[in-house]
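Here are a few friendly notes to read alongside the model. Please keep the structure open as you go through the points.

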Amino acid sequence: MILKNLGVILAIITVLISYWLYEPLPDSVAEPWKLRTVIAGSKVLHAVCSGFEKTGYATYLNCTRQFSNAYIRNIQSNDKITVVDENFSGVKVRIYYPAGVREKDKTKLLPGILYFHPGGWTFGRMGVSHNLLERLTQETGAAFIDVDYRLAPEHIFPVPFDDCLTATVHILRNGGVYGIDSSRIAVSGDEAGGNLAAAVSLRLAVETAFPTLRAQILISPPLQAFDFLTPSMLFHDKSAPFIMSRRMITQNWLNYYQGHTKNIDEFLINNHTAPLLKESEVSQSVSVHRLPERYQKQHTVQTSTDFGDEDISYDFEPVLLNPYFCPLFAQDFKKIPQAYVISMEFDVLRDDGFLFVERLRQSGVKVYHDHFNEAFHGILMYEHFETRDKIIASLVSFIKGSV
């Protein structure tokens, strides 16, 4: 009788846990049951870190950092790659060399690609994308440079950007020292790293003291903090729950900008831009009419320009319009390197990629854009997804043909 009751209790607990972990997903999202496994892990992490914060044991951000960093194993050279830790003018980096290439071989210079990791400018570190970089190094034959830039909110803008710029300038000046061809350098990044790669490209476009960049590779980049009510922000807010939401990306922007999120509710309703700013030419860069027609139909919010907090807007405007913070608002794109932009359908940042591609094309910049209709935000961080393999194949093809 006791065993029978125990079995019933366990069955009820199992059903309740399954119900709690289960999430309805869009029909066309990539491999939904694999995605549900990812979401379940994220859901548990959210519950644990929320509990830690409520009890005062740790902040939510530091908790997520600890869990994220726990998956970074001790990375060493193996039969596939050679890894070398270096210091580029004060910035820690890790260089991935292909198998069979002697470290710092000056007789066979390799193309070099700097990689800025994802994590909303607030978490992640060198090594978090190890599996991706190991594979790209093998399949492209290029050297990849994983940059350990400093993080917000401890280091707000422009510190992370400055670290990425410093690392890039160092390799442009000293490539041969590391067995890398300074005339074949590209910058790349996933999510916040894509923002940093675009910003570095803009900054270096005006320099003539060293070789120009070959390309910028931007994966799901956040490129504007003007409008948090774009079609993708609203339509895909819950497409992949607990992976990236509208509130989460807004928190990331605020931590990067000011080191805290106390006034987040004002940003979520676009109250952070005053009426004059909403009516300015800047707003045209985020106009829904620049998006494909199928996405314009997803725009369900009535647009208005007669609202906004003047004080918040006054403080934020100089940073908002800084192209190294929001690359979409650069005034001149003419001298930047060719761009390869990858966007995901089930992603609140989807529209940022489309808006940036449109601006580059209008400016005459060579730009390649691959959109993956079944992919979700951050998919490159999760192995065993077939769509991830397709994206990597596209990256390899571009790198081999352009860098």
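1. Let's start with the largest nonpolar core, which has 81 residues; those touching the most other members are Leu-114, Phe-116, Ile-145, Val-147 and Phe-325. A core here is a set of buried Ala, Val, Leu, Ile, Met, Phe, Trp, Tyr and Cys residues joined through side-chain atoms within 4.5 Å. Buried means under 20% relative accessible area, exposed over 50%, and partly exposed in between (1.4 Å probe, protein chains only). Helix H6 (residues 192-204) gives the most to this core, namely 8 residues. Another core lies apart from it, with 39 residues that include Ile-342, Ile-391, Val-396 and Phe-398.

2. A word on the basis: this is a predicted model, where local features need pLDDT of at least 70 and side-chain atom pairs count only at pLDDT 80 or more, while totals for chains, interfaces and linings use all residues. Residues are numbered from 1 along each chain as its sequence is written, and side-chain values use heavy atoms, with hydrogens and water left out.

3. Leaving aside neighbours within four places in sequence, Leu-114 is in contact (heavy atoms within 4.5 Å) with residues including Ile-145, Val-147, Ala-167 and Ile-185.

4. Where is Thr-230 placed? Thr-230 sits in the loop between strand S6 (215-219) and helix H7 (231-235); helices (H or I, at least four residues) and strands (E, at least two) are DSSP runs, numbered from the N terminus. Thr-230 is buried, at 2% relative accessible area. Beyond its neighbours within four places in sequence, Thr-230 is in contact with Gln-224, Val-348 and Asp-351.
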